[in-house]
Amino acid sequence: GFGQEAVSAGAAWAMAAQDRLCILHRDLAAHVIRGVEPARIFSQYMGRAAGITGGRDGNVHFGDRTKGCVGMVSMLPDMMLIATGLAMAFKLRGEKRVAMTWFGDGSTSRGDFHEAMNWAGVQRLPVIFILENNQYAYSTPVDQQFAVNPVQRAAAYGFPGVTVDGNDCEAMFEAVRVARERALADEGPTLLEAVTMRMHGHAAHDDMKYVPREKVEEWQAKDPIDRQTR
């Protein structure tokens, strides 16, 4: 849905050219903002030589290192570990650079999430974690996944957790700008919870009947494109 693209667009705008972005499959806007041409993305989907991977893959597992976009690992949220590793390298080299990655609410139930959060907190690494709270991990609503809001978990690892309106590009930009300034000041990582909604099924086979119709209508009224162009 457009909610995830609003999250990725607002966040990517706030990052500098020397920073590194670990982008997921629902965050194509971040690639475009970093300068990846839409024609190359379309070619990627068609498995053509003009695609980012030169016709070697017809899927979303791509990145362009020349643009600072790290190729995606499909097992979620493994990109959290990669972003944490990048941030560790930046710190060891004394470089003023920041790593950032995105992941969904379902990812917070995996061990990778906790491992990345813990190491980033212990080492006070320059990394920004963006949790796209899509309301559903496939068909499981957030209130059946965990007993606390996942943004509260940041405190357990020793760094701030901030909730942001994920359907507001400007709010996302400002939240990431602040988090990046913290990282550059050696104040460590930040977890940003971008509250949004996955407006379509998990994939083509998913009719999303498990989502109440009124919830879909509620989030349709919060469409980020409509809000940005009013």
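Visitor: Let's start with one residue. Is Asp186 buried or exposed?
Guide: Asp186 has a relative accessible area of 55%, so it counts as exposed. Keep in mind that this is a predicted model.

Visitor: Where does Asp186 lie?
Guide: In the loop between α7 (169–184) and β8 (190–195). Its backbone stands out too: Asp186 has a positive phi of about 60 degrees, although it is not a glycine.

Visitor: And Gln135, what about its phi?
Guide: Also positive, at about 80 degrees, and Gln135 is not a glycine. It sits in the loop between β4 (127–133) and β5 (136–137).

Visitor: Is Gln135 buried or exposed?
Guide: Buried. The cut-off is under 20% relative accessible area, and Gln135 has 11%.

Visitor: Switching topic. Which peptide bond is cis, with omega near 0 degrees?
Guide: The one from Leu76 to Pro77 is cis. Pro77 is in the loop between β2 and α4 (78–93).

Visitor: What about Asn59, where is that found?
Guide: In the loop between α3 (38–45) and β2 (69–70). Asn59 has 36% relative accessibility, so it is partly exposed.

Visitor: Now the inside. Which residues touch the most other members of the largest nonpolar core?
Guide: Met100, Trp102, Ile128, Phe129, Ile130, Val176 and Leu191. That core has 48 residues. There is also a second, separate core of seven residues, including Tyr136 and Met208.

Visitor: Back to Val176. What is it in contact with, leaving aside neighbours within four places in sequence?
Guide: Ala11, Ala14, Met15, Met100, Ile128, Ile130 and Leu192.

Visitor: How many helices and strands?
Guide: Nine helices and eight strands.

Visitor: What radius of gyration does the protein have?
Guide: 17 Å. A compact globule with 230 residues would have a value near 17 Å, so the two agree. The C-alpha atoms fill a box of roughly 50 × 45 × 35 Å along the principal axes.

Visitor: Last one, the surface. What does the accessible area come to?
Guide: About 10700 Å², with 54% of that belonging to carbon and sulfur atoms. As for charges, there are 25 positive and 28 negative, and their mean positions are 6 Å apart.

Notes: Residues are numbered from 1 along each chain as its sequence is written. This is a predicted model: local features need pLDDT of at least 70, side-chain atom pairs count only at pLDDT 80 or more; totals for chains, interfaces and linings use all residues. Side-chain values use heavy atoms; hydrogens and water are left out. A nonpolar core is a set of buried Ala, Val, Leu, Ile, Met, Phe, Trp, Tyr and Cys residues joined through side-chain atoms within 4.5 Å. Buried means under 20% relative accessible area, exposed over 50%, partly exposed in between (1.4 Å probe, protein chains only). Contact means heavy atoms within 4.5 Å. Helices (H or I, at least four residues) and strands (E, at least two) are DSSP runs, numbered from the N terminus. The radius of gyration is taken over C-alpha atoms; the globule rule is 2.2 Å times the number of residues to the power 0.38. Accessible areas come from the Shrake-Rupley method with a 1.4 Å probe; for residues, only the protein chains shown count as cover. Lys and Arg count as positive and Asp and Glu as negative; His and the chain ends are not counted. The place of a charge is taken as NZ of Lys, CZ of Arg, CG of Asp or CD of Glu.
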